[in-house]
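The following note is intended for a colleague who is meeting this structure for the first time. Please read the numbered points beside the model.

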Amino acid sequence: MTIIDKTADVPAPRGSTENSGPLLDVRDLHVEFKTRDGIVKAVNGVNYSVAAGETLAVLGESGSGKSVTAQAIMGILDMPPGRIPQGEILFRGQDMLTMGYEERRKIRGQKIAMIFQDALSSLNPVLTVGYQLAEMFRVHQGLSKKDAKAKAIGLMDRVRIPAAKERVNDYPHQFSGGMRQRIMIAMALALEPDLIIADEPTTALDVTVQAQVMDLLAELQREYNMGLILITHDLGVVADVADKIAVMYAGRIVETAPVHELYKRPAHPYTRGLLDSIPRLDQKGQELYAIKGLPPNLLKIPSGCAFNPRCPKAQDICRTDVPALVSVTERDGGELPGRGSACHFWKEQIHG
């Protein structure tokens, strides 16, 4: 059994050169919040990396630590009550946690941008979308109001907002949910960042609009050769766009895999439960599967494997020993690149 090297190089993704290192390398990241009831351990030793042109999907139920990890990367955690007691967030080899405020501010927006899940609350309701888009160019590039507005119109055209020249002076509430999300994508793209973090970008959108937004993100990523971290709880959203997946539970990554390998052979009972809960056309009329129980209280995470109270295959060792994220192999010991599982019984799970 081999413990996964958290500093190991990832396979070369689409659109990158074989020798290119990761854009972002998160190492042993811990995030906690001090509350009246105690310390909430929201992120507990997360490791993942993203290279240029690569898409990493981070999956898990609400409360698993996906968004908190993203906020730590962006440097937008409320501190206090938040705190990062240990870990590294390396962007192009530089640890952002050791940077000064101004140095990190130059990276945020220009090099790393974020698309938030609730576009209506993320956009200022009393300012036009054109003003909010143009502000990026005025502040970061020193453009005049006229030139910044022209760039804003160009961005709206780029994300396929109809009649952009006429709608640039409209307010957020005058756009549909899907169009507002396109505006959020345009804002993230404004300064052509190297990495975009998309936090639940299709929440509250209907299935057709979800597909349009995801197709647009994938197209823009290929065009700009950006790294993309896609945070979601919906396995169905990422199947066609992700290169690799990291599954989170109770602040830890419990499984990693190339996207199609994970769908074909999950190596953790939690991932299996998430897959089984996806509605399927060949199961019409049957009761939809749901993982029993609730995610753990992060004030008091269960001993051993945090998933053990909900796991149908839990045994005594699962209640006492925390499983390390280890390399997953074939029955004969053959390597499965990029595969890892934090389960004492991953062999039974993946090999049956």
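**Note on cavities, strands and ring contacts**

1. On a 1 Å grid over the protein atoms alone, a cavity is a set of points where a 1.4 Å probe fits but cannot get out, and a lining residue has an atom within 4 Å of a point. This largest cavity holds about 80 Å³ of space, where a volume is the space filled by probe spheres set on the points, joined across faces, edges and corners. Its lining divides into 10 nonpolar residues, three polar and one charged; Ala, Val, Leu, Ile, Met, Phe, Trp, Tyr, Cys and Pro count as nonpolar, Asp, Glu, Lys and Arg as charged, and the others, Gly among them, as polar.

2. The model is predicted: local features need pLDDT of at least 70, side-chain atom pairs count only at pLDDT 80 or more, and totals for chains, interfaces and linings use all residues. Residues are numbered from 1 along each chain as its sequence is written, and side-chain values use heavy atoms, with hydrogens and water left out.

3. A search of the whole structure finds two cavities of 30 Å³ or more. The second largest cavity has about 40 Å³ of space and is lined by Ile-73, Met-74, Met-96, Arg-104, Ile-107, Arg-108 and Ile-112. Five of these lining residues are nonpolar, none is polar and two are charged.

4. Two or more lining residues come from each of α2 (101-107), β6 (112-115), α4 (129-141) and α7 (177-189). The most come from α4, which gives five.

5. How many residues of strand β8 (residues 227-232) are buried? Six of its six are, where buried means under 20% relative accessible area, exposed over 50% and partly exposed in between (1.4 Å probe, protein chains only). Gly-227, Ile-229 and Ile-231 are covered on one side, and Leu-228, Leu-230 and Thr-232 on the other. Strand β8 pairs in the parallel sense with β3 (residues 55-59) over five bridges, and with β7 (residues 195-199) in the parallel sense over five bridges; strands pair if DSSP finds at least two bridges between them.

6. An open sheet of four strands runs in the order β2-β1-β4-β5, with antiparallel pairing. Strands β2 (38-50) and β5 (94-95) stand at its edges, each with a single partner strand, so one side of each has no neighbour in the sheet.

7. There are three aromatic pairs, counted where ring centres of Phe, Tyr and Trp (its six-membered ring) lie within 6.5 Å; planes under 30 degrees apart are stacked, over 60 edge-to-face and the rest tilted. Tyr-249 and Phe-307 form an edge-to-face pair, 5.2 Å centre to centre with 80° between the planes. Both Tyr-249 and Phe-307 are buried.

Key: On a 1 Å grid over the protein atoms alone, a cavity is a set of points where a 1.4 Å probe fits but cannot get out, and a pocket is an open set with protein on both sides within 12 Å along at least five of seven lines; lining residues have an atom within 4 Å of a point.
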